[in-house]
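Open the model in your viewer and keep the selection panel at hand. The stops below say what to select and what is found there.

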Amino acid sequence: MVIYSGKAVFGGIAIGKISLYKKGEAQVKRTKVDDVEAEVARYHAAKEVAIEQLGALYDKAVKEVGEASAEIFEVHQMMLDDDDYVESVENIIRTQEVNAEFAVATTGDNFQKMFSEMDDEYFRGRAADMKDISERVVNVLLGNGDGGIKSDEQVIIVADDLAPSETVQMDKDKILSFVTVHGSANSHTAILAKTMNIPAMIGTDIPLTDDIDGKMAVVDGFEGKIYVDPDEDTLAAKKKIYLEEQEKKALLEMLKGKDNVTLDGQHINLYANIGNTKDLALVLKNDAGGIGLFRSEFIYLGSEDYPTEDEQFAIYKTVAENMAGKKVIIRTLDIGADKQADYFKLPAEENPALGLRAIRICLTRPEVFKTQLRAILRASAYGKIAIMFPMIISVDEVKEIKDIVKGVESELDAEGIAYDKDIELGIMIETPAAVMVADELAEEVDFFSVGTNDLTQYTLAIDRQNQSLDRFYDSHHPAILRMLKMIVDAAHRHNAWAGICGELGSDLSLTREFLAMGFDELSVSPGRILPLRKIVLETNVKEYIAEKNS
């Protein structure tokens, strides 16, 4: 038995044979061509095939992992049609009189290097995408087929790293676990593993040699280890844990329909975070009490131009109708930083996380903001919608927002368009500034929702996407926990309610602490609703507080 360690990105036990995934990187040779225009035409034909492949991958991904995770394939399609990219390939073919494979590979390498050297985190992240799309076109030109799992049984996928296109084209029914040597906690592989509820590890020190292919292994996503050729005792112990986990899942299903009330009578709302209408099925399947965060920015990120009022209205109306009177909290446009839409033409910034983003874009582009507000307000006539504004730092911002909302409502009144005249307005608390003026802010709004991801980043002065700082990044830092208590207390002092919609809300080790703090709502990914409900139903908050203080 050999044990290899890595970073667990999703817990659980997987037992099965290893399938070593090797990238089918094509060997490209430079050859001279006589008819350059014929070669350019050959390149364009291959590019169109690649775009068709990506379209098929998008459709497959939407069904398997939801629209938000599938959007990367739309991005790849746009990158393949990018004028600079296309012109570079054509220029190399014509000026150097070389084959299309060589021109595409060279362009891919050049663009990847260019993106990887940029200061902006978002554009650095596009470097791997450039490599992925270029390899796709080269494989089409060479007549190579797509990769996949070459096994008739369920397997543990072990790889150096996996591109989105590689994971999506795999047969999900055959995947027990992902184990990669590289990758990050925010990588597509990690996101896919969480969506599929299977254990996954990154940064694993396992050697990618042929002798591990086909060997029996156990992935322990709780402790971040993979056991290759496990001995009988280890295998028996891990099988026991696996069976216990399966029993827990079955018991969780029995919690559907139960109220989220603690043993001593404290109630908390458990809502779901979603990014599109296709996630509604998961919300209902997991018995969420409502939607605590509808990420409206995905409507913008999935468009090639500003979405119209009617386009947005149709989406918000669908969500409201499907939730049948359950609360739907729509967060207004939250782009900027690592979420970019080209048609906004946002200026390049040295530190985009501290730049023009979220509500700052809305307040500096009121025509975009008003269009979205009109769409949301119109949809509020069809269900129980609330509006939430991100990245707030001052009372003045909130007052300006409320004035804009009143102006939009007046327009709708004049046009005779129905909307909920008592619609709740809330803000996200995700900056230390907002925490420090929480009492003043609570006087202006109906609710707070804490974005713990950004609040942690800004409080600890750590870029949450910088993997090299993982050992310093502590979401349980005492400063964060104290801030959370300050936030909920300020809300309650002024008759507002408070929830958490960031990743910390799904941290089961803190659920009792959040109950003790007095939070009214936790909004998490749909799959975390039932595990949270189990803890709520088993908790006596008064006893927990007494134990803490004893």
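Which helix and which strand each supply at least two residues of the lining of the largest cavity? They are helix H15 (395–415) and strand S13 (424–429). Keep in mind throughout that this is a predicted model.

**Stop 1: the cavity**

Select Phe 389, Val 398, Ile 401, Lys 402, Leu 425, Gly 426, Ile 427, Glu 444 and Val 445, which line the largest cavity. The space inside comes to about 50 Å³. The structure holds one cavity of 30 Å³ or more. Sorted by class, the lining has six nonpolar residues, one polar residue and two charged residues.

Now show the side chains of Glu 444 and Lys 402, which meet in a salt bridge with an N to O distance of 3.0 Å. Glu 444 sits in the loop between helix H17 (438–442) and strand S14 (447–450), and Lys 402 sits in helix H15, so the bridge ties together parts that are 42 residues apart in sequence. Lys 402 counts as partly exposed because its relative accessibility is 23%.

Pro 366 belongs to helix H14 (residues 366–379), and its relative accessible area of 32% makes it partly exposed.

**Stop 2: other salt bridges**

The structure holds 30 salt bridges. Side chains of opposite charge can pair when their charged atoms come close.

Select Glu 223 and Lys 238, whose side chains form a salt bridge at 3.4 Å, N to O. This pair links distant parts of the chain, 15 residues apart: Glu 223 is in the loop between strand S7 (216–220) and strand S8 (225–228), while Lys 238 is in helix H9 (residues 232–253). Are the two partners buried or exposed? Glu 223 counts as partly exposed, at 37% relative accessibility, whereas Lys 238 counts as buried, at 9%.

Go on to Arg 331 and Glu 297, a salt bridge at 2.5 Å, N to O. Here Arg 331 in strand S11 is linked to Glu 297 in helix H11 (residues 297–301), 34 residues away in the chain. Arg 331 and Glu 297 are buried.

Then select Glu 309, Asp 310, Arg 374, Arg 378, Glu 411 and Glu 415 together; salt bridges link them in a network.

**Stop 3: the nonpolar cores**

In soluble globular proteins, nonpolar side chains tend to be buried together. The largest nonpolar core has 83 residues, and Phe 344, Phe 389, Phe 448 and Leu 484 touch the most other members. Phe 389 has already been selected as part of the cavity lining.

Centre the view on Phe 344. Which residues does Phe 344 touch, not counting those up to four places away in sequence? They are Tyr 300, Tyr 306, Leu 333, Ile 335, Ile 361, Arg 365 and Val 368. A second, separate core has 36 residues, including Leu 54, Ile 93, Met 130 and Val 138.

**Stop 4: an enclosed helix**

Select helix H21 (residues 529–538). Seven of its ten residues are buried, so H21 is largely enclosed by the rest of the structure. The buried residues are Ile 529, Leu 530, Pro 531, Leu 532, Arg 533, Ile 535 and Val 536. They pack against H9, strand S9 (269–274), helix H20 (511–517) and strand S16 (521–524). H9 is also the helix that holds Lys 238.

**Stop 5: two loops with positive phi**

Select Asp 287, in the loop between helix H10 (280–285) and strand S10 (291–295). Its phi is near 65°, a positive value in a residue other than glycine.

Next take Ala 324, in the loop between helix H12 (309–322) and strand S11 (327–331). Ala 324 is not a glycine, yet has a positive phi of about 50°. With a relative accessible area of 65%, Ala 324 is exposed.

Select Lys 548 in helix H22 (residues 541–549). Lys 548 is partly exposed, with a relative accessible area of 45%.

Note on methods:
Residues are numbered from 1 along each chain as its sequence is written. This is a predicted model: local features need pLDDT of at least 70, side-chain atom pairs count only at pLDDT 80 or more; totals for chains, interfaces and linings use all residues. Side-chain values use heavy atoms; hydrogens and water are left out. Helices (H or I, at least four residues) and strands (E, at least two) are DSSP runs, numbered from the N terminus. Buried means under 20% relative accessible area, exposed over 50%, partly exposed in between (1.4 Å probe, protein chains only). On a 1 Å grid over the protein atoms alone, a cavity is a set of points where a 1.4 Å probe fits but cannot get out, and a pocket is an open set with protein on both sides within 12 Å along at least five of seven lines; lining residues have an atom within 4 Å of a point. Grid points are joined across faces, edges and corners, and a volume is the space filled by probe spheres set on the points. Ala, Val, Leu, Ile, Met, Phe, Trp, Tyr, Cys and Pro count as nonpolar, Asp, Glu, Lys and Arg as charged, and the others, Gly among them, as polar. A salt bridge is a side-chain nitrogen of Lys or Arg within 4 Å of a carboxyl oxygen of Asp or Glu. A nonpolar core is a set of buried Ala, Val, Leu, Ile, Met, Phe, Trp, Tyr and Cys residues joined through side-chain atoms within 4.5 Å. Contact means heavy atoms within 4.5 Å.
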